[in-house]
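Visitor: I would like to learn how to read a model like this one. Where do we begin?

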Amino acid sequence: MADRGSSPDPTASGLGGILKGMLLLGRGRAEGIAYFGNTRDSVLSALAPRLALWLVGGGLTVAYAPQPLSGVKVLFALCLILMPAVVTHALARHWKREGLWLRYITAAWWTDWVTLFVGLVVALIMALASPRLLETQTGELILNGTEFVYSLWLTWYVARVGLLLRRGQAVLMVLAILGSLVALGGVTALFSPDQRAWHEFLYPLLMQQGGAH
């Protein structure tokens with residue numbers, strides 16, 4: 001007989017449970033981790049939205065500039081998506097937390113969307129306080145800085161809760177993720193030294209969205 005006091009079953013709670021888990025972890029509530037599955041299917045479900053955006057962005061990038069460099073940018077974007085999974089799995093295995101990794105990466109990928117929500121809230125507050133602030137460099141710095149700091153904290157917190165790490169270990173994981181992404185950007189710069197591959201990958205998608213308004 002199932003224990004009534006057991007952790008929530010994410011496969012039973014579905015999207016509602018995932019959203020609840022995202023909001024809980026986003027507010028620093030450790031119990032939110034229980035709303036995410038610990039299976040390969042749950043990982044693929046968390047990865048699916050990112051791959052969908054990658055496919056759309058990749059298609060627009062190639063269509064916007066059909067040249068070999070566009071292919072490099074598309075591959076770069078895919079590596080950006082998958083690199084944190086590779087790095088965190090290696091560390092989880094090193095720290096003997098491999099059994100917790102599927103649930104962790106599922107939660108990490110889902111909760112990463114909370115950062116966008118935080119950015120929207122900050123942008124709304126800024127717009128209400130001073131409509132022109134968002135159009136200034138100071139406003140952009142405040143918005144991007146808030147999103148970046150919150151993203152770092154959330155990455156650290158989900159790693160600590162999801163993999164049962166000590167504070168220092170979670171810090172090392174965040175630094176390893178950042179370091180791998182910086183290194184990836186450096187490698188990509190060898191192919192495109194005067195261009196920002198990630199920005200140019202997103203540009204056609206942003207232009208497409210802007211034209212729809």
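Guide: We will go from the overall fold to helix pairs, salt bridges and a surface patch. Keep in mind that this is a predicted model.

Visitor: How many helices and how many strands does the protein have?

Guide: Start by listing the elements in order. Here there are eight helices and zero strands. From the N terminus the order reads α-α-α-α-α-α-α-α.

Visitor: What percentage of the residues in the protein is buried?

Guide: Burial is read from relative accessible area, and under 20% counts as buried. In this protein, 37% of the 213 residues are buried. Take M22, in helix α1 (residues 10-26). Its relative accessibility is 10%, so M22 is classed as buried. Look also at what lies across from M22 in space. V114 is 92 residues away in sequence, yet the C-alpha atoms of M22 and V114 are 7.0 Å apart.

Visitor: Now the helix pairs. At what angle do α2 and α4 cross?

Guide: Read the distance between the axes, then the angle, then the hand. Helix α2 covers residues 40-64 and helix α4 covers residues 101-111. Their axes come within 9 Å and cross at roughly 20°. Angles under 35 degrees count as roughly parallel, and α2 and α4 therefore fall in that class. The crossing of α2 and α4 is left-handed.

Visitor: And α5 with α6: are they roughly parallel or roughly antiparallel?

Guide: Use the angle again. Helix α5 (residues 114-129) packs on α6 at about 150°, and the two axes are 9 Å apart. That makes the pair roughly antiparallel, because the cut-off for this class is over 145 degrees. As for the hand, α5 passes α6 in a right-handed crossing.

Visitor: How many salt bridges does the structure hold?

Guide: Two. For each one, read the distance, the burial of both partners and their places in the chain. One joins the side chains of R50 and D112, at 3.0 Å from N to O. R50 belongs to helix α2, while D112 sits in the loop between α4 and α5, so this bridge ties together parts 62 residues apart in sequence.

Visitor: Is R50 buried or exposed?

Guide: R50 is buried, at a relative accessible area of 14%.

Visitor: Which side chains meet in the salt bridge at 2.5 Å?

Guide: Those of R29 and E31, again taken from N to O. R29 is partly exposed at 36% relative accessibility. E31 is also partly exposed, with a relative accessible area of 38%.

Visitor: Which element gives the largest share of the patch?

Guide: Helix α7, with four residues.

Visitor: Where does F148 lie, and why does F148 count as partly exposed?

Guide: F148 lies in helix α6. Its relative accessibility is 47%. Partly exposed is the class between the 20% limit for buried and the 50% limit for exposed, so F148 belongs there.

Methods. Residues numbered from 1 in each chain as written. Predicted model: local features only at pLDDT ≥ 70, side-chain atom pairs only at ≥ 80, totals over all residues. Heavy atoms only, no water. Helix = DSSP H or I, 4+ residues; strand = E, 2+ residues; numbered from the N terminus. Buried < 20%, exposed > 50% of the residue type's maximum accessible area, 1.4 Å probe, protein only. Axes fitted to C-alpha atoms, helices over the stretch in contact; angles between N-to-C directions. Parallel < 35°, antiparallel > 145°, perpendicular 65-115°, else oblique. Left-handed = near helix turned anticlockwise from the far one by under 90°. Salt bridge = Lys/Arg side-chain N within 4 Å of Asp/Glu carboxyl O.
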